[in-house]
Amino acid sequence: MKAVIQRVSQSSVTINNEIVAQIQQGLLVLVGIEDADNQEDINWLTSKIANIRIFEDENHVMNLSVKDIDGEMIVVSQFTLHALTKKGNRPSYIKASKPEIAIPLYESFIQQMEIELGKKVQTGQFGADMKVGLVNDGPVTIIIDTKNKE
């Protein structure tokens with residue numbers, strides 16, 4: 001499971017010209033799922049994201065988590081995070097899970113994230129053509145791969 005975490009001052013997801021998710025200060029999390037992912041990956045990753053200290057404290061040091069600041073979150077499924085680009089110029093997405101595997105894992109990820117945060121998480125729509133808008137605050141962008149827990 002891969003995630004791109006972006007600290008945002010605002011973010012939104014639009015589908016068919018309708019805003020389906022919108023937040024102010026918090027995190028936009030793009031999640032890519034592969035067949036080897038399981039509940040252990042979900043538990044580790046949601047805990048890491050909820051507790052990662054990338055928000056500034058009163059001394060302007062990144063020392064606070066999204067939980068500490070009572071921030072909001074949007075989670076968006078993004079299979080392209082598993083793009084293989086080694087050969088040629090056309091990415092291969094063979095490592096990305098098919099919907100029958102990815103959807104239950106994505107839904108479990110959202111449920112576990114809500115438990116970690118103690119509040120509702122907004123989302124995009126799996127498989128939809130989404131327009132994701134954000135103002136990256138910092139900019140701060142972190143990439144995490146559950147297969148590389150160093």
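Predicted model: local features only at pLDDT ≥ 70, side-chain atom pairs only at ≥ 80, totals over all residues.

1. Two pairings of β6 deserve attention. Strand β3 (residues 26-32) pairs with β6 in the parallel sense over 6 bridges, and within this pairing leucine 30 has valine 76 as its bridge partner in β6. Strand β7 (residues 122-123) also runs parallel to β6, with 2 bridges between them; here isoleucine 74 is partnered by glutamine 122 of β7.

2. Together, β6, helix α2 (residues 99-117) and β7 form a β-α-β unit of right-handed sense.

3. Valine 76, a residue of strand β6, has a relative accessibility of 3% and therefore counts as buried. Beyond its neighbours within four places in sequence, valine 76 is in contact with Val13, Leu28, Val29, Leu30, Val31, Tyr106, Gly124 and Met130. Its C-alpha atom is separated by 9.7 Å from that of alanine 3, a residue 73 places away along the chain.

4. Salt bridges number 7 by the rule applied. One of them joins the side chains of glutamate 34 and lysine 95, at 3.6 Å from N to O. Glutamate 34 belongs to the loop between β3 and α1 (39-51) and lysine 95 to the loop between β6 and α2, so this pair ties together parts 61 residues apart in sequence. Glutamate 34 is buried, at 9% relative accessibility, whereas lysine 95 is partly exposed, at 39%.

5. A further salt bridge links lysine 147 with aspartate 37, at 2.7 Å from N to O. Because lysine 147 lies in the segment after β8 (130-145) and aspartate 37 in the loop between β3 and α1, the pair ties together parts that are 110 residues apart in sequence. Lysine 147 is partly exposed, with a relative accessible area of 40%, while aspartate 37 is buried, with 6%.

6. Lysine 119 and aspartate 70 also meet through their side chains in a salt bridge of 2.9 Å, N to O. The former lies in the loop between α2 and β7 and the latter in the loop between β5 (62-64) and β6, so parts 49 residues apart in sequence are tied together. Lysine 119 is partly exposed, at 27% relative accessible area, and aspartate 70 is exposed, at 56%. As for shared partners, salt bridges join Asp37, Asp41 and Lys147 into one network.

How values were computed. Residues numbered from 1 in each chain as written. Heavy atoms only, no water. Pairing = 2+ DSSP bridges. Helix = DSSP H or I, 4+ residues; strand = E, 2+ residues; numbered from the N terminus. Right-handed = clockwise from strand over helix to strand, strands pointing away. Buried < 20%, exposed > 50% of the residue type's maximum accessible area, 1.4 Å probe, protein only. Contact = heavy atoms within 4.5 Å. Salt bridge = Lys/Arg side-chain N within 4 Å of Asp/Glu carboxyl O.
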